[in-house]
Amino acid sequence: MVDAEGLPIRLALSQGQISDHAAAAGLVASLKRLRHLVADRGYDARALVEQVEAMGATAHIPTQRNRKVQRSVAANIYRQRNLVERYFCKLKHFRRCATRFDKLARNFLAVVALASTRLWLRFYESTT
C-alpha cells in the first residue's frame, strides 16, 4: 500500500496462489485514517468495499466486468493507482528484490522493507 506520494506505508506478503484482495482487508484495517482507497479490478470484493465505507472513506475500485451492477469510478482519481505500479518498478531497481535471491518469505520481506526505507530516504534527502 502506498500513500499519495507513491511511498510505501504498509507491506505484506501473501501466498502466490491466493487472490490479492485477501491481504487487502488486513492492510486497510491497520490504517487509522483513510479518505480514498484506489485499487484495480483485482480488489473488487464486496467485503473490502464495505470495510472501506465503514471507515468513512470512499473506495475507487471498478467492478469486474461479469458483475450485473457496475460501480462508476472517477477517472481522475482512478489514475492514481499508477503510483503502486511505479512503486513496484522502483523496487525492481534493487537487484535483490527483482531477482528474489531470498527463498524465505521473512527474508524477502525484510529486503523489500530495506528497499522501501531507501525510497523514503531518497524522497526526503536534502537537495543542498
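Is Arg 67 buried, partly exposed or exposed? Arg 67 counts as partly exposed, because its relative accessibility is 30%. The views below come from a predicted model.

**View 1. Asp 44 and Arg 67 meet in a salt bridge.** The N-to-O distance between these side chains is 3.5 Å. Asp 44 lies in the loop between E1 and H2, and Arg 67 in the loop between strand E2 (58–60) and helix H3 (75–78), so the pair ties together parts that are 23 residues apart in sequence.

View 2. Asp 44 counts as buried because its relative accessibility is 4%, and buried means under 20%. Its side chain also makes a polar contact with the side chain of Arg 71, at 2.8 Å. Set aside the neighbours within four places in sequence, and Asp 44 is in contact with Ile 61, Pro 62, Thr 63, Gln 64, Arg 67 and Arg 71.

**View 3. Arg 96 pairs with Asp 102 in a salt bridge.** The closest N and O atoms are 3.0 Å apart. Arg 96 counts as partly exposed, at 41% relative accessibility. Asp 102 counts as buried, at 10%.

**View 4. Glu 125 pairs with Arg 118 in a salt bridge.** Their side chains meet at 3.0 Å, N to O. Glu 125 is partly exposed, with a relative accessible area of 43%. Arg 118 also counts as partly exposed, at 32% relative accessibility. Elsewhere, salt bridges that share partners join Asp 44, Arg 67 and Arg 71 into one network. The structure holds 4 salt bridges.

**View 5. Helix H4 crosses helix H6.** H4 spans residues 82–91 and H6 spans residues 105–124. Their axes come within 10 Å and cross at roughly 105 degrees. That angle makes H4 roughly perpendicular to H6, because angles of 65 to 115 degrees count as roughly perpendicular. On the H4 side, the contact is made by Tyr 87, Lys 90 and Leu 91. On the H6 side, Val 112, Ala 115, Ser 116 and Leu 119 take part. What kinds of residues make up the contact of H4 with H6? They divide into 5 nonpolar, 1 polar and 1 charged.

Key. Residues are numbered from 1 along each chain as its sequence is written. This is a predicted model: local features need pLDDT of at least 70, side-chain atom pairs count only at pLDDT 80 or more; totals for chains, interfaces and linings use all residues. Side-chain values use heavy atoms; hydrogens and water are left out. Axes are lines fitted to C-alpha atoms, for helices over the stretch in contact, and angles run from 0 to 180 degrees between N-to-C directions. Helices (H or I, at least four residues) and strands (E, at least two) are DSSP runs, numbered from the N terminus. Angles under 35 degrees count as roughly parallel, over 145 as roughly antiparallel, 65 to 115 as roughly perpendicular and the rest as oblique. Contact means heavy atoms within 4.5 Å. Ala, Val, Leu, Ile, Met, Phe, Trp, Tyr, Cys and Pro count as nonpolar, Asp, Glu, Lys and Arg as charged, and the others, Gly among them, as polar. Buried means under 20% relative accessible area, exposed over 50%, partly exposed in between (1.4 Å probe, protein chains only). A polar contact is a pair of N or O atoms within 3.5 Å; within protein, one must be able to donate a hydrogen and the other to accept it, and residues adjacent in sequence count only if both atoms are side-chain atoms.
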